[in-house]
Amino acid sequence: MAADMSRTGAAAGGPMAATTPRLSVIIPTVNEARTLPPLLADLGRQQGPTFEIIVGDGGSIDATREVVEAAGARFVAARRGRGAQMNAAVATARGEYLLFLHADSRLAEPDLLAGAVAALQRAAEADAHVAGHFPLRFIRTRPGHDLAYRFLEAKSALNRVNTTSGDQGLLLSRLFFDELGGFDDSLPFLEDQRLAEEIRRRGVWLTLPGRLGTSARRFETEGFHRRYLLMGIIMGMHSVGSQDFIIRAPGIYRLQRDTGHLRLSPFFALLWSMIRRDWGWAGTPRVFFRLGRYIRQNAWQPFFFVDVWRQPLLGASRHPLLTLHDRYIAPILACRPVDAVVGLGCFVWYMGVLTLWFRLTETPIFNLLRNDRK
């Protein structure tokens, strides 16, 4: 029997009440029995608006349901795929506002939800079509890559194209969510990116106060640079409309418990296969031209990276190189010849240099030699 956390939250110290909740917190899960308890505990300590918690589950075979119902939250079984799971959970939601969180999110401040809802309400006075997301704070268990994590955290506070994702949390009114048509669950991936860009087209993004904690477990398990490179490839293929790559890619969205050191050579092999069999030698230049445009549109990121590197001297609120790019460099670069040159460079680097590098370094012989050196 489904439980309703709004009835039991008061006993756990949270602000949930038996009345209609102001906020519905939606969490998609697949086998998250070990990950959920800290998040549920954080939610139980929240002070402010009345809320309910609904978990949209995609077929867990561990104790996820038992954990959810023991905490007094509502468990909703759904077709696997985060978009489908969250849509199914929303169908049972009673709150005026919806907050979508990942299972590995953490809420350190007890007033995080109260501040977020208040900020969204203030912004909605000027434009009802507003949605909010939190800046991120990575929860790490291993040292290293400090500057890179700092860059990702700083980038999550921006409201630029393709910088808003589900791990930042997504807060919006139920009315706006319904107007958007919910999550596109036709494909089992990037549902957060598709909704984020639809919000950008039809409304306004707001950076919410406070920070949302998120686990760095994929980066740490799979390798930081490898995971970040694969994320870039996924977004590049998504930007040019090549959904087939993401559908056919080997294990591109493995469950967290199934992750390990990430091998990239199969992904480059798939790209070469698509060049030969799908795009052809006539269509490939068009694909890489569009990739060149996508990369050119994201040329602001190296400038912002340097600003983040210099933050100890400049302060977190000053971004002189990003401003330089936006005002002077971006208008100069916005032309087809630049897109073509960048696309050609992308082809040489990815399909030549990186393909060869990962093919060589991921061979069994190379791995044996590397292990011997350790």
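This report describes a predicted model of a protein chain, moving from the chain as a whole to one pair of helices and then to one serine.

## The chain as a whole

The protein chain has 374 residues, of which 49% count as buried, and its secondary structure comes to 17 helices and ten strands. When contacts between residues at least 6 apart in sequence are considered, 77% of them join residues that are at least 24 apart.

## Helix 6 and helix 13

Helix 6, which covers residues 146-155, packs with helix 13, which covers residues 300-309, at an angle of about 115°, and the axes of the two helices are 10 Å apart. Because angles of 65 to 115 degrees count as roughly perpendicular, helix 6 is described as roughly perpendicular to helix 13. The crossing in which helix 6 passes helix 13 is right-handed.

On the side of helix 6, the residues that meet helix 13 are Leu147, Arg150, Phe151, Ala154 and Lys155, while helix 13 brings Trp300, Gln301, Phe304, Phe305, Val308 and Trp309 to the contact. Sorted by class, this contact of helix 6 with helix 13 has eight nonpolar residues, one polar residue and two charged residues.

Ser165 lies in the loop between helix 6 and strand 8, the strand formed by residues 170-173. Is Ser165 buried or exposed? Its relative accessible area is 19%, so Ser165 is buried, since the cut-off for that class is under 20%.

The side chain of Ser165 is joined to the side chain of Asp167 by a polar contact of 2.6 Å. If neighbours within four places in sequence are left aside, Ser165 is in contact with Asp192 and Gln193.

Terms used. Residues numbered from 1 in each chain as written. Predicted model: local features only at pLDDT ≥ 70, side-chain atom pairs only at ≥ 80, totals over all residues. Heavy atoms only, no water. Axes fitted to C-alpha atoms, helices over the stretch in contact; angles between N-to-C directions. Helix = DSSP H or I, 4+ residues; strand = E, 2+ residues; numbered from the N terminus. Parallel < 35°, antiparallel > 145°, perpendicular 65-115°, else oblique. Left-handed = near helix turned anticlockwise from the far one by under 90°. Contact = heavy atoms within 4.5 Å. Nonpolar A, V, L, I, M, F, W, Y, C, P; charged D, E, K, R; others polar. Buried < 20%, exposed > 50% of the residue type's maximum accessible area, 1.4 Å probe, protein only. Polar contact = N/O pair within 3.5 Å; in protein donor to acceptor, adjacent residues only side chain to side chain.
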